[in-house]
Amino acid sequence: MTPQVIVLNGGSSSGKSGIVRCLQAVLPDPWLAAAVDSLVDAMPASLQTSEAGIECAADGAVHVGSEFRKLEAAWMEGVAAMARAGARVIVDDVFLGGAESQERWRKALGGLDVLWVGVTCESEVAAGREIARGDRARGMAAGQAEVVHRGVVYDLSVDTTHTESLACARAIAAHVG
């Protein structure tokens with residue numbers, strides 16, 4: 001199998017974005033990056049802090065509403081359409097719903113070859129990255145570290161606790177035909 005889509009799932013500050021950049025550098029063909037953070041940034045400001053859209057609580061918990069889900073579904077279909085049109089795509093996502101989130105992607109990506117990659121990181125390390133980044137509510141990394149992986153089935157997992165993004169990207173690239 002030569003994947004058309006690589007889906008990286010991991011909690012906030014687990015290292016997914018760094019791995020995506022490294023994958024784009026080490027894979028022999030061009031790959032587009034599609035990050036859930038870009039979807040959130042593309043939404044109107046009114047949905048970035050609302051019950052219908054996406055809300056980040058003071059403790060780092062993230063809640064998504066019906067309007068977010070509608071836009072997310074359209075975004076997923078758009079990512080799948082790009083892959084069906086011949087683009088190779090690396091998805092950087094946070095499966096807040098664990099297996100349910102993966103199922104939404106499976107439905108959208110039906111008929112495509114997908115490499116499912118779990119990105120893990122010890123909670124304390126991710127929390128330290130969260131503080132260093134300064135753009136996330138404290139507690140988000142710890143709150144997502146395990147829940148995003150519940151019931152999710154992967155082809156490969158990488159752990160960024162003590163492994164640099166480039167080494168993780170090389171491990172993933174070894175699974176791309």
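**Before starting**

Residues are numbered from 1 along each chain as its sequence is written, and because the model is predicted, local features need pLDDT of at least 70 and side-chain atom pairs count only at pLDDT 80 or more, while totals for chains, interfaces and linings use all residues. Side-chain values use heavy atoms, with hydrogens and water left out. Helices (H or I, at least four residues) and strands (E, at least two) are DSSP runs, numbered from the N terminus.

**Stop one: the loop between E1 and H1**

Select Ser13, which is found in the loop between strand E1 and helix H1, and look at its backbone: phi is positive, at about 65°, although Ser13 is not a glycine. Most residues other than glycine have a negative phi. Ser13 has 5% relative accessibility and therefore counts as buried, where buried means under 20% relative accessible area, exposed over 50% and partly exposed in between (1.4 Å probe, protein chains only).

Now select Ser14, which is in that loop too, between E1 (5–9) and H1 (16–26), and which counts as buried because its relative accessibility is 3%. The side chain of Ser14 reaches the backbone oxygen of Gly11 at 2.8 Å; this is a polar contact, that is, a pair of N or O atoms within 3.5 Å, of which, within protein, one must be able to donate a hydrogen and the other to accept it, with residues adjacent in sequence counting only if both atoms are side-chain atoms. If neighbours within four places in sequence are left aside, Ser14 is in contact with Val119, Thr120, Cys121, Arg129 and Thr160, contact meaning heavy atoms within 4.5 Å.

**Stop two: helix H1 and its partner H7**

Display H1 together with H7, whose axes come within 8 Å and cross at roughly 55°; axes are lines fitted to C-alpha atoms, for helices over the stretch in contact, and angles run from 0 to 180 degrees between N-to-C directions. H1 and H7 are therefore oblique to each other, since angles under 35 degrees count as roughly parallel, over 145 as roughly antiparallel, 65 to 115 as roughly perpendicular and the rest as oblique. The crossing of H1 and H7 is right-handed, a term used if the near helix is turned clockwise from the far one by less than a right angle, with anticlockwise giving left-handed. To see the contact itself, select Gly18, Ile19, Cys22, Leu23 and Val26 in H1, which meet Ser165, Leu166, Cys168, Ala169, Ile172 and Ala173 in H7. By class, this contact of H1 with H7 has nine nonpolar, two polar and no charged residues (Ala, Val, Leu, Ile, Met, Phe, Trp, Tyr, Cys and Pro count as nonpolar, Asp, Glu, Lys and Arg as charged, and the others, Gly among them, as polar).

**Stop three: helices H3 and H4**

Move to H3 (residues 66–84) and H4 (residues 99–108), which pack at an angle of about 45° with their axes 9 Å apart, and which are therefore oblique to each other. H3 passes H4 in a right-handed crossing. The contact is made by Arg69, Glu72, Trp75, Met76, Glu77, Val79, Ala80 and Arg84 of H3 and by Arg104, Trp105 and Ala108 of H4; by class, it has six nonpolar, no polar and five charged residues.

Is Glu72 buried or exposed? With 5% relative accessibility, Glu72 counts as buried, and a polar contact of 3.5 Å joins its side chain to that of Arg104.

Next select Trp105 in helix H4, which counts as buried because its relative accessibility is 0%. The side chains of Trp105 and Asp93 are joined by a polar contact of 2.7 Å. Not counting residues up to four places away in sequence, Trp105 touches Trp75, Met76, Val79, Val91, Asp93, Phe95 and Trp116.

**Last stop: Asp113**

Finish at Asp113, in the loop between H4 and E6, which is partly exposed, with a relative accessible area of 33%. Not counting residues up to four places away in sequence, Asp113 touches Met1, Thr2, Pro3, Gln4 and Val5.
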